[in-house]
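Here's a walk through a protein model, going from the overall build down to a few strand pairings. Have the viewer open and follow along.

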Amino acid sequence: MSDLENFRQEIRSWLEANCPAEMRQPVTDEGDVCWGGRNFVFKNEAQKQWLERCVAKGYTVPDWPQAYGGAGMSPAQAKVWREECARIGARPPLSSFGIWMLGPALLKFGTEEQKVHYLGEIARGEIRWCQGYSEPGSGSDLVSLQTFGEDKGDHWVVNGQKIWTSYADKADWIFCLVRTDKANKYQGISFLLFDMTTPGVTTKPILLISGNSPFCETFFDDVKVPKHQIVGELNRGWDVAKYLLGHEREMISGAGGGDRLNAIGAVVARNGLEDPMLRAELAMFDVDALAYGCMGEKFLDEAKIGKAHPAQPNMMKYAGTELNKRRHELLMSAGGATALEWDSERTNGGSPARSWLRTKANSIEGGTSEVMLNVVAKRILDLPGA
Amino acid sequence: MPLYHTEDQAMLADTVTGFMADEGGIKQQLRYYRDMGCQDGFGHALWKQFAEMGLTGMLASEADGGLAMGHVEAGIVLREIGRNLTPSPFLTTSVMGVTALSGGSDDLRGRWLPGVIAGDSVLAVAIDESPKHRPERIAARAEKAGNGFRLSGNKSFVVQGASADAIIVAARTSGSDTDADGITLFAVPKDANGITHENLRLVDSAMASNIRFDNVELDGDCVIGQVDGGRELLNKVLAAGRIGSAAELTGVGHGAFDITTAYLKTRKQFGRLIGEFQALQHRAAHLYSELEIASAAVIKAQQLLDGGAEKAELMVSVAKAKAARTCNLAVREGVQMHGGVGMTDEYDIGLYMKRDRSLTEFMGDQYYHAERVAQLSGY
C-alpha cells in the first residue's frame, strides 16, 4: 500500500471513531455552522466535541504547519482529508474568516510572532475575525477607501466607517484596511489588526432583503491601535489586501467543497418532478454544476503546486457565484408556493426564500462579477486597456 | 489523483503540440484536402507520421505492439487535433476502433491492429442508424448462417466509413430493436460483398458514409467478443468516442478562443483596439471561464475512465455535454467578434464553427448527454 493509501486508512478510521453522527448531517441553517470565538454558543454537545477533537489533531486547518496549530499535511494529504470528510458527509469542524482569509495572508506576510499568536488562536477557534474592507463610498473601487489612521508615535488613532462587515457584531477581532498616507492612493494603505472591544468601535447590523442581518456597518471613533498590530509594511497593506482577496474569492467560489459543487436534480425529484421543462433545466444545471465541481478540484490541485494562474480565483468566484444564484432560482421554481413561505415551520423559517435572496449577494460581495470579469480580461487574457 | 497532467503526460503534450502545430495546421491539412476534393477527407501521409510517433497504437496493449496508454493521453492528441482542425482518422481508428478490437480474440487483433499501428489502415465505427445518436436502438441484424453470419441493415454518420479498411459494426443477433442484450460487434472487412456506401461530404469537410449492408456474408472470425453479449463492449466504445470527442471539442473551443482574442488585440475601430471595449472583454472573460471548466470536466472523466471508476459513465456525459455547450459558445462568439470577416472563407474562425457542429453531433450532443446525466442521477 502506498503511503497515501495508509494515510487514507488512518484518516478514515480516525473519522469513524471521532466524528459524531450529528456532525455527519447536512448543514441546514446558520446555527449548524461552528464559527468559534469568545462568545460562540455551541448548538449541541456534538458540535463542541467535534471541534475539540479536530483542534487536538490540527484538523481545523489540516495544511497549516503544526507550529501554528495545523496538522502539517501535504497538498496530497489535505486532498485525502477533504475526500474522506466528504465521503461521510462530515461538517467542517470550524468555519472562520480567520481560516479562509486572514490565515493565508498571515502565513505569507506575518512575522513569526504574529503567526504563532494569531494563527494558533484561529486554529483553536478561540478568536472570531471579521473583515474591514468596504466603505460606503468604496465598493468596487475599494482602493479609494477613506478610513484614516493618524500616526501617534507608538500607535495609530483610527477614524472612519466600514460597511458590509460580515458578522462584525459577533466578531472578536477585525482585520482592517486603513489609510495611513493620504497622498498615495495604492501605497498609502496599511493592514491593521485590532480587538472589536477596543473603545470607539461600534457596530450596527444591516437588515437585508433576506430578512436577516449578517452584515453590519462598523464605526471607528478615535480607536487606538498599537503599532505592532500591523501586517506587512507600513503603507503596503494593499499587497496584503489583494493577496487576501484571492483567498476570499476562492472561499466564495465554493471550490473547496460543500453543497455549491453538488447537482440538485435528484434532490428536487424526490418531491416529484412533473414539469419536463424544469427537468430539462435541472439537467443542464447539473451538467454545469458537476463540471464546476471538477474545476474546483482542478483549481485546488493546481493552486497547491503553484500551477494555477494567480488571477484564477477571480474566474472561480465569477463562475461559482453565478452558478449558485442559478441553483437557488431553480430550487425556488421547484419548490413552488411552498418556497414562498416566509416564516413557516415546515420551511424552517422560510429557509428556501431566505437562502435564495442571500445568494444574490454572492456575485457582489468580495468583488462583483463585473469586476471579476475585468480582472480576468486584464490579468489572464491580457486584453488591451483593461 | 490530482487533476493535472503527470510529468510524462506533460511531455507528451509538449511533443504533440509542437508536432501538430508544424504538421497538422489548417492550411496544410484541412484546407489542402478540402480544396482538392479529397474523397477520404484526410491525408494518409500525416496518418503515417502519427504511426511513426507511436500515436496510432497508443491505446493498444504492449503485447499487441501498442503503448498501453489511456484516455488522458489520447485526449492530449485529440485536443491538438481539435485546436488545428486536423482531419484525422485518429478518433475512429485509434480510440474507438482499438477499444473495440481490444475486446476481440488474438486472431482478430492480429488481423487488424498491426496495420492500424503501422499507419497503413484505418477503422470506422458504425453504430447509429438515424440522424440523431440513439445507440439504445439497434435494428441492423446479423442472422446465423452456416459457420458465420449474414448482416443486413443501415448505418448512418459513419465518419470516414468509405475509407476504412474495416468497419466496426454494432448489430443485433437476437431480441428486438431496443433490447439491451442481443448485440454483437463485428469487424467487417471493406471488401465484403453487399456493402453500399453513400459517401457524403459534411459541413466541416469530413467525409461520412451512410452504409447499407445487404446480406453481407461474414465468417465467425469477424465477431468481436461474445455473440449476443456485445453491449458492454459497445458501451466501452461509446465512452471512448464520447470522451474523445469531448477532448477534441475543448481543443476546437480553445483554438477558436485564441484566434478571437488575438483578433481583439489587433482590430481597430473608432480609433481603438476593439479588445478595449468592456462589452467584448466581459464576453471573452466569460468564455475563458467556461472553457476552463469544460477542460476540467474532460480530464476528470478521462481519469475516471482510465481508473475504471463507477462514476466514469456519469462524468463522461457531463464532459461531453459541457464541452459541446462551451465549444458552441466559443465558435459563435468567435464569428460575431470577428465581424464581417468572420463570415468569409478566408478567415479560419468559420471553419471552427463548422467543426464544432460535426463533433458535437458525434456520439451524442449536449441534449442527449444532459438527458443521460438526469437518468444516471436517478431522475
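This is a predicted model: local features need pLDDT of at least 70, side-chain atom pairs count only at pLDDT 80 or more; totals for chains, interfaces and linings use all residues.

Residues are numbered from 1 along each chain as its sequence is written, with chains lettered from A and ligands numbered from 1 in the order in which they are written.

Take chain B as a whole. Its C-alpha atoms fill a box of roughly 80 × 50 × 40 Å along the principal axes. The radius of gyration (over C-alpha atoms) is compared with a globule rule of 2.2 Å times the number of residues to the power 0.38. Because a compact globule of 379 residues would come out near 21 Å, the 21 Å of chain B agrees with the rule. Buried residues, those with 20 or more other C-beta atoms within 10 Å of their own C-beta (placed from the backbone), make up 55% of chain B.

An automatic or database domain assignment gives domain 1 (7-121), domain 2 (125-227) and domain 3 (232-376). The C-alpha centres of domain 1 and domain 2 of chain B are 22 Å apart. Their contact takes 20 residues from domain 1 and 16 residues from domain 2, where contact means C-beta atoms, placed from the backbone, within 7 Å. On the domain 1 side, helix 2 (27-35), helix 5 (90-101) and helix 6 (106-117) of chain B each supply at least two residues, and helix 5 gives the largest share, five residues.

Further along, an unreviewed UniProt entry lists residues 229-375 of chain B as "domain: Acyl-CoA dehydrogenase/oxidase C-terminal"; such annotations may be inferred rather than shown by experiment. That stretch is 77% helix and 3% strand, with its end C-alpha atoms 23 Å apart.

For strands, hop over to chain A. Two strands pair if DSSP finds at least two bridges between them. Strand 3 (residues 155-166) and strand 7 (residues 215-226) of chain A pair in the antiparallel sense over ten bridges, and K162(A) stands opposite T218(A) in strand 7. Strand 7 of chain A also pairs with strand 6 (residues 201-205), antiparallel over five bridges; there, F219(A) is the bridge partner of T202(A).

Definitions and conventions: Two residues are in contact if their C-beta atoms, placed from the backbone, lie within 7 Å. Helices (H or I, at least four residues) and strands (E, at least two) are DSSP runs, numbered from the N terminus. A residue is buried if 20 or more other C-beta atoms lie within 10 Å of its own, exposed if 12 or fewer, and partly exposed in between; C-beta atoms are placed from the backbone.
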